[in-house]
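Biologist: Take me through this model. I want each label set against its cut-off.

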Amino acid sequence: MNYERLIDEETWAFIKKTGECYPDDAVDLTIEEQREVYNAMAAEFRTARPDIVSCEDRLVGAVPVRIYTAGEPGCTVMFCHGGGFVVGGLDSHDDVCAELCAQTGYRVVAVDYRLAPEHLHPAAFDDAWAVCQWIHESFDGDLVLAGDSAGANLCAAVAHHARGRLTGLVGQVLIYGAFGGDIDEGSYLEHAQAPMLTRDDLLFYGDIRRPDGAGDAPDPTMAPLSDSDFTGLPATVLVTADCDPVRDDSRHYRDKILAAGGKAHWINEPGLVHGYLRARHSVGRARDSFERISVAVEALGQGLWPYE
């Protein structure tokens with residue numbers, strides 16, 4: 001794969017800066033060390049919250065959340081952060097959530113779900129589902145799910161589980177998510193050695209949250225693509241980086257929703273890599289993609305579908 005041709009200079013600068021903070025062999029570090037370098041890397045890219053945004057930290061049961069508001073929101077976004085289910089938290093994606101709040105005007109509730117390996121599946125899913133129920137009970141207006149990477153997986157799992165259990169869930173915006181696709185085909189092989197995320201990294205992160213003795217039975221709360229039913233899901237926008245091993249999971253997920261008669265749209269961003277949300281202030285392609293993400297969140301919250 002000729003990444004020198006596919007990836008522009010701005011994105012290479014982002015990749016280099018990320019590597020200086022979070023080395024390629026980070027999976028060989030202890031879990032505590034991985035979290036330390038990830039948090040330091042996230043802090044290096046973090047930008048100030050827009051002045052119009054205020055936030056509040058609180059507990060939903062035992063789950064920490066951070067609530068962002070800007071005015072009188074007519075809709076709530078539940079945001080689940082990425083990090084392979086191992087790293088990340090409220091601070092790692094604080095600026096992303098604040099900017100989504102500012103750009104859409106919606107309330108954003110960020111979920112600090114429990115991390116592996118201390119807390120194996122379904123701990124992270126249970127936390128996300130608990131917060132989703134709390135949002136439904138606590139705020140007027142509709143709900144949109146949004147998340148990146150591992151957080152996109154959690155949002156999709158929540159959307160599947162919510163059918164018949166919760167009303168008002170009108171959309172989901174899933175950013176470079178891994179949904180349980182076949183790791184021996186497609187983009188998993190095509191981009192097995194992609195910058196920022198490799199197939200080997202995915203194998204590590206996929207195994208670390210799996211309970212001992214877990215079988216191969218389909219579990220949509222862990223791998224949404226394993227579900228046998230894709231009817232009744234909220235309108236879904238999937239956004240991927242083209243140079244990313246998990247890219248094709250979003251295409252397959254879109255296709256399953258469409259085949260079941262639902263609404264789904266896939267946006268594949270050329271020349272971008274996994275984790276590019278942190279590059280939205282330094283890379284033109286990432287900035288444009290974040291704008292598309294904000295537009296998607298806002299449109300779904302208004303019941304609009306601008307993708308026909």
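**Confidence first**

Modeller: Among the elements of the protein chain, helix 8 (residues 199-208) has the lowest mean pLDDT, 92, and strand 7 (residues 235-243) has the highest, 99. pLDDT is the predictor's confidence in each residue, from 0 to 100. Helices (H or I, at least four residues) and strands (E, at least two) are DSSP runs, numbered from the N terminus. The model is predicted, so local features need pLDDT of at least 70 and side-chain atom pairs pLDDT 80 or more, while totals for chains, interfaces and linings use all residues. Residues are numbered from 1 along each chain as its sequence is written, and side-chain values use heavy atoms, leaving out hydrogens and water.

Biologist: What does the protein chain average in pLDDT?

Modeller: The average is 96, and 100% of the residues score at least 70.

Biologist: What joins the side chains of Ser149 and His274?

Modeller: A polar contact of 2.8 Å. The term needs a pair of N or O atoms within 3.5 Å; within protein, one must be able to donate a hydrogen and the other to accept it, and residues adjacent in sequence count only if both atoms are side-chain atoms. The 2.8 Å value is therefore inside the limit.

Biologist: Which UniProt annotation covers Ser149?

Modeller: The unreviewed UniProt entry has "active site" there. UniProt positions follow the numbering used here, feature names are shortened, and annotations may be inferred rather than shown by experiment.

Biologist: What makes Thr236 buried?

Modeller: Thr236 has a relative accessible area of 0%, so Thr236 is buried. Thr236 lies in strand 7. A polar atom of the Thr236 side chain lies 2.8 Å from the backbone oxygen of Pro234. Contact means heavy atoms within 4.5 Å. Not counting residues up to four places away in sequence, Thr236 touches residues including Gln172, Tyr253 and Trp305.

Biologist: What makes a nonpolar core?

Modeller: Buried Ala, Val, Leu, Ile, Met, Phe, Trp, Tyr and Cys residues, joined through side-chain atoms within 4.5 Å. The largest has 55 residues; Ile293 is one of those that touch the most other members. Helix 10 (residues 284-301) gives the most to this core, 6 residues. Apart from it lies another core of 43 residues, among them Cys132 and Trp266.

Key
Buried < 20%, exposed > 50% of the residue type's maximum accessible area, 1.4 Å probe, protein only.
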